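Welcome, and open your viewer.

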Amino acid sequence: MAVLRFRRRRGEPERTGTMTLMDHLVELRHRLLVVVIALAVCSVPAWFLYEPIKALLEEPYCDFLAENPAFNPFPGECNLYFSGVIDAFTIKLRIVLYLGLAIALPIVLYQLWMFIMPGLTQRERRYALPFIGSSIILFAAGTVFAYLALPRGLEFLLGFAGEGVVPILYFDRYVSFVVLVILAFGLSFLLPVLLVFLQMVGVITPQTLGSWRRWAILAIVVFAAAITPTGDPMTLGALAIPMYLFYEAAIIIGRIMRRGRTTD
């Protein structure tokens, strides 16, 4: 049976994880099962939090209508609509699952770390808590930034129709848009965690990242322009600048980690 062995870097202590392909598949199945159970359990309190979360999701649209009354088909009201008989249930179920996943995020990240841990050295395994903690903090920061940018994003996107055309937004499509924007911003803020991890397992080096700096700046600007819901330079810069700073921080952290290995 094929045996998967992790490549050892020069001067690095031997990895203790040697697992067969079947062992990896069994381990993956176990981790996925834990994630599914965690999602199910965390969705229970999320069900009872539906109303405040729904109000939170509606608030950017209501703020947009308050600032732009010409776009409101029913002045003084803030309504989102659905057209199908079972749409109300499916919308609620989707929001509950999204919220349940957010609550279960620490468990999901922990299971991910436990899956890759056999391929890490004893020293690298010490980064479990910083890895999980920083991922949660950065993802949360990205979601907050996305939420704050939503009213301006709606104003920019809905304004394309021009005067005299008012939108009738369906709640399911609106929720999908909001979740997509929040997820995109949250994942973009995980850039330093990904880069540090790739350096930790030897896929890239700080020197490589440094040589890619110009291309990285271009890629960050293009990515920020693609996922930013508004077209104004201020919002684009507010996302691109932190991502570039995260890129530089990942290089610095990678150099610190390499120095730590050489001194061991």
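Are Glu58 and Lys54 buried or exposed? Select both: Glu58 is buried, and so is Lys54, where buried means under 20% relative accessible area, exposed over 50% and partly exposed in between, found with a 1.4 Å probe on protein chains only.

Before moving on, note that this is a predicted model, in which local features need pLDDT of at least 70, side-chain atom pairs count only at pLDDT 80 or more, and totals for chains, interfaces and linings use all residues. Residues are numbered from 1 along each chain as its sequence is written, and side-chain values use heavy atoms, with hydrogens and water left out.

**Charged pairs**

Stay with Glu58 and Lys54, which form a salt bridge with the closest N and O atoms 3.4 Å apart; the term means a side-chain nitrogen of Lys or Arg within 4 Å of a carboxyl oxygen of Asp or Glu. Because they are 4 residues apart in helix 2, about one helical turn separates them. Helices here are DSSP runs (H or I, at least four residues), numbered from the N terminus.

Next, select Glu27 and Arg31, a salt bridge whose closest N and O atoms are 2.7 Å apart. Both residues are buried.

Now pick Arg213 and Glu248, where the closest N and O atoms of the salt bridge are 2.5 Å apart. This pair links distant parts of the chain, with Arg213 in helix 9 (residues 213-227) and Glu248 in helix 10, 35 residues apart. Arg213 counts as partly exposed because its relative accessibility is 27%, while Glu248, at 18%, counts as buried.

**Pockets**

Select Tyr98, Ala102, Phe139, Thr143 and Ile182, which lie nearest the centre of the largest pocket among its 24 lining residues. A pocket is an open set of points on a 1 Å grid over the protein atoms alone, with protein on both sides within 12 Å along at least five of seven lines; lining residues have an atom within 4 Å of a point. Which helix gives the most to this lining? Helix 5 does, with 7 residues.

How does the lining divide by class? There are 22 nonpolar, 2 polar and no charged residues; Ala, Val, Leu, Ile, Met, Phe, Trp, Tyr, Cys and Pro count as nonpolar, Asp, Glu, Lys and Arg as charged, and the others, Gly among them, as polar.

For a last stop, select Pro130, Phe131, Ser134, Val196 and Ile253, the closest to the centre of the second largest pocket among the 13 residues that line it. Helix 7 brings the largest share of that lining, 5 residues.

Notes. On a 1 Å grid over the protein atoms alone, a cavity is a set of points where a 1.4 Å probe fits but cannot get out, and a pocket is an open set with protein on both sides within 12 Å along at least five of seven lines; lining residues have an atom within 4 Å of a point. Helices (H or I, at least four residues) and strands (E, at least two) are DSSP runs, numbered from the N terminus.
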